[in-house]
Amino acid sequence: MAPATTPPAAAVAGGAAARPRAGRGPRATALVLALALLAAAVVASLAVGTRAVPLGTVVQALAGADGSQDALVVRELRVPRTLLGLAVGSALGLSGALMQALTRNPLADPGLLGVTSGAAAAMVTGVGVLGLTSRLGLVWASMAGAAAASAVVYVLGSAGRGGATPVRLALAGTAVSVALTSTTTAQVLLDQRTFDRFRFWQVGSLAGQDLDALVQVLPFFAVGTVLGLAQARPLNALALGVDPGRALGVRVGRTRLLTALAVTLLCGAATATAGPIWFVGLAVPHAVRALTGPDQRWVLSLSVVLSPALLLLSDVLGRVVARPGELEVSIVTALLGAPVLIALVRRRRVAQL
């Protein structure tokens, strides 16, 4: 029996080691194309909007402010917005990929499993009840809410026979999200000060932030990203199951804890900065796996690249379709992500899992 089980273990734990070396070519090509798409999204985010700015003017504005209105728009508004989109997008994509790998749930997403709603509810409670005003205080409150919501969803989804199936986790996440969203809405409506502060944030947007906001939360993004990417090999081994993973030398409890910590850091910082944004962490990892296969080293790395590209392009689309106003980016991602969710449910028939 050993010869029959060794190759799959190597294929999952070692990733590309069990594949022909020619398989590296398509993956490398996918990485180059993903980087090109991200670069195009960054350029579009800087140049396209309710006020179109020529590409040459964008370059001049980045090189040095000349005092023109176009340069002011690029440097003061679009550069912070683009950098925030890069950080938030990569955090959402990586956290979604980590959750799908850890739970082996194709529907795992920070929004669908209640993580985003937990972070939002904790932030509103921090402002309305505890009187928090500093951004770092809100980030810590957001991460605490994300961790608590994750724990509640897992406990509810694991109850009863069959354990934590994808459908049970999705249903538990939906129920917890509805309850937390109701709590958040009640607090916002009952407290004018909280309402004034969070009425735009609740929608989920990259607008209205400066570089100082990003600098304060950047350490959380950085630590969460490094920690998450470091779990690629252990998660590859755990894809075989808990017992085979242990046989391959994986410390299961440690891997689960570090992965959950990375998700909490990423989701908490992203939600505290840009508000609740759904479906980015659901759609991108599935697209990446279709291109590269199940090796988590590639899935996690490419999710970090493609997710901010999707978020920035969604933000640009929201600016263009509603001129002279704009649609918030969370509305655009929801419109794009809902069909993806329906397609995944129909294709995988998760109701039977």
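**Helix H14 and its surroundings**

Author: H4 and H14 are oblique to each other. The model is predicted, so read every value as computed from a prediction. The reason for the word "oblique" is the angle. The axes of H4, residues 69–103, and H14 cross at roughly 135°. The crossing of H4 over H14 is right-handed. What kinds of residues make up this contact? Twelve are nonpolar, eight are polar and four are charged.

Which residues touch? On the H13 side they are Val-280, Val-284, Pro-285, Val-288, Arg-289 and Thr-292. On the H14 side they are Trp-298, Val-299, Leu-302, Ser-303, Leu-306, Ser-307, Leu-310 and Leu-311. Sort the residues of this contact by type. Ten are nonpolar, three are polar and one is charged.

Phe-279 sits in the loop between H12, residues 252–274, and H13. Its backbone stands out. Most residues other than glycine have a negative phi. Phe-279 is not a glycine, yet its phi is positive, at about 80°. Is Phe-279 buried or exposed? Its relative accessible area is 11%. Buried means under 20%, so a value below that cut-off qualifies. Phe-279 is therefore buried.

Now go past the other end of H14. Pro-324 lies in the loop between H14 and helix H15, which runs over 329–348. Most peptide bonds are trans. The bond that joins Arg-323 and Pro-324 is cis, with omega about 0°.

H5, residues 115–128, packs against H12 at an angle of about 55°, with the axes 9 Å apart. H5 and H12 are therefore oblique to each other. H5 passes H12 in a right-handed crossing. From H5 come Val-115, Thr-116, Ala-119, Ala-120 and Met-123. They meet Cys-267, Thr-271 and Ala-272 of H12. This contact has six nonpolar residues, two polar ones and no charged ones.

Finally, step back to the whole chain. It has 15 helices and zero strands. Of its 353 residues, 49% count as buried. Take the contacts between residues at least 6 apart in sequence. Of these, 75% join residues at least 24 apart. The chain exposes about 16100 Å², and carbon and sulfur atoms supply 67% of that area.

Technical notes. Residues numbered from 1 in each chain as written. Predicted model: local features only at pLDDT ≥ 70, side-chain atom pairs only at ≥ 80, totals over all residues. Heavy atoms only, no water. Contact = heavy atoms within 4.5 Å. Helix = DSSP H or I, 4+ residues; strand = E, 2+ residues; numbered from the N terminus. Nonpolar A, V, L, I, M, F, W, Y, C, P; charged D, E, K, R; others polar. Buried < 20%, exposed > 50% of the residue type's maximum accessible area, 1.4 Å probe, protein only. Areas by Shrake-Rupley, 256 points an atom, 1.4 Å probe, with all protein chains shown as cover. Axes fitted to C-alpha atoms, helices over the stretch in contact; angles between N-to-C directions. Parallel < 35°, antiparallel > 145°, perpendicular 65-115°, else oblique. Left-handed = near helix turned anticlockwise from the far one by under 90°.
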